[in-house]
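Visitor: I'd like to learn how to read a fold like this one. Could you walk me through it?

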Amino acid sequence: MEEAADSAMGRPGGAQLRRRLGRADLRAVPEVRKALRELLRHWGRPGRSDVAELLTSELVTNALIHTDHDAVLTATVGPRGLRVEVRDFVGRRPTLRVPNADDGTHGRGLILVQSLADAWGVRAHGVGKAVWFELDGGAV
């Protein structure tokens with residue numbers, strides 16, 4: 001994981017989606033996917049918005065399952081691509097785990113983010129952290 005400040009992906013002037021997610025409210029996951037799909041309707045080359053939805057679902061689910069607090073999602077489409085950030089209010093940093101075959105589907109979220117995102121990382125905040133990823137939309 002890399003540490004980074006806000007990058008050029010999130011510069012003002014692009015479209016933005018911002019949602020407050022209630023603690024442990026997993027109904028927010030499909031709602032966020034739908035809102036992100038609408039935001040990205042005309043963005044990127046084919047398949048990039050599907051990857052964005054998948055990775056966003058992983059970050060939102062992790063924040064809601066592994067913390068006992070609300071979270072805030074911010075997705076910004078800028079001139080160079082998409083940046084999605086999920087901020088929670090727990091300082092404990094996520095860890096990459098090697099998935100265990102006996103674990104079903106658990107433990108694969110950050111591996112997916114690491115594999116599919118162009119960049120990703122964790123940034124500490126005064127209270128909590130933000131886990132983020134960026135995708136370049138590519139030529140359309």
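**Reading the fold**

Guide: The protein chain has three helices and five strands, where helices (H or I, at least four residues) and strands (E, at least two) are DSSP runs numbered from the N terminus. This is a predicted model, in which local features need pLDDT of at least 70 and side-chain atom pairs count only at pLDDT 80 or more, while totals for chains, interfaces and linings use all residues. Residues are numbered from 1 along each chain as its sequence is written, and side-chain values use heavy atoms, with hydrogens and water left out.

Visitor: Which pattern does the protein chain follow along the sequence?

Guide: Going along the sequence, you get β-α-α-β-β-α-β-β.

Visitor: At what angle do H1 and H2 pack?

Guide: Axes are lines fitted to C-alpha atoms, for helices over the stretch in contact, and angles run from 0 to 180 degrees between N-to-C directions. For helix H1 (residues 28-39) and helix H2 (residues 48-66) the angle is about 150 degrees, and their axes are 9 Å apart. So H1 is roughly antiparallel to H2; the cut-offs are under 35 degrees for roughly parallel, over 145 for roughly antiparallel, 65 to 115 for roughly perpendicular, and oblique for the rest. Contact means heavy atoms within 4.5 Å, and the residues making it include Val 32 and Leu 36 of H1 and Val 60 and Leu 64 of H2.

Visitor: And what about H2 and H3?

Guide: H2 and helix H3 (residues 109-116) pack at about 145 degrees, with axes 9 Å apart. Among the residues that meet there are Leu 55 and Leu 59 in H2 and Leu 112 and Val 113 in H3.

Visitor: Is Gly 128 buried or exposed?

Guide: Buried means under 20% relative accessible area, exposed over 50%, and partly exposed in between (1.4 Å probe, protein chains only). Gly 128 has 9% relative accessibility, so it counts as buried. You'll find Gly 128 in the loop between strand S4 (119-124) and strand S5 (129-135). Beyond its neighbours within four places in sequence, Gly 128 contacts Asp 88, Phe 89, Val 90 and Gly 91. Across the whole protein chain of 140 residues, 43% count as buried.

Visitor: Which ring does the charged end of Arg 83 sit over?

Guide: A charge sits over a ring if NZ of Lys or CZ of Arg is within 6 Å of the ring centre and within 35 degrees of the ring normal. Here the charged end of Arg 83 sits over the ring of Trp 132, 4.4 Å from its centre.
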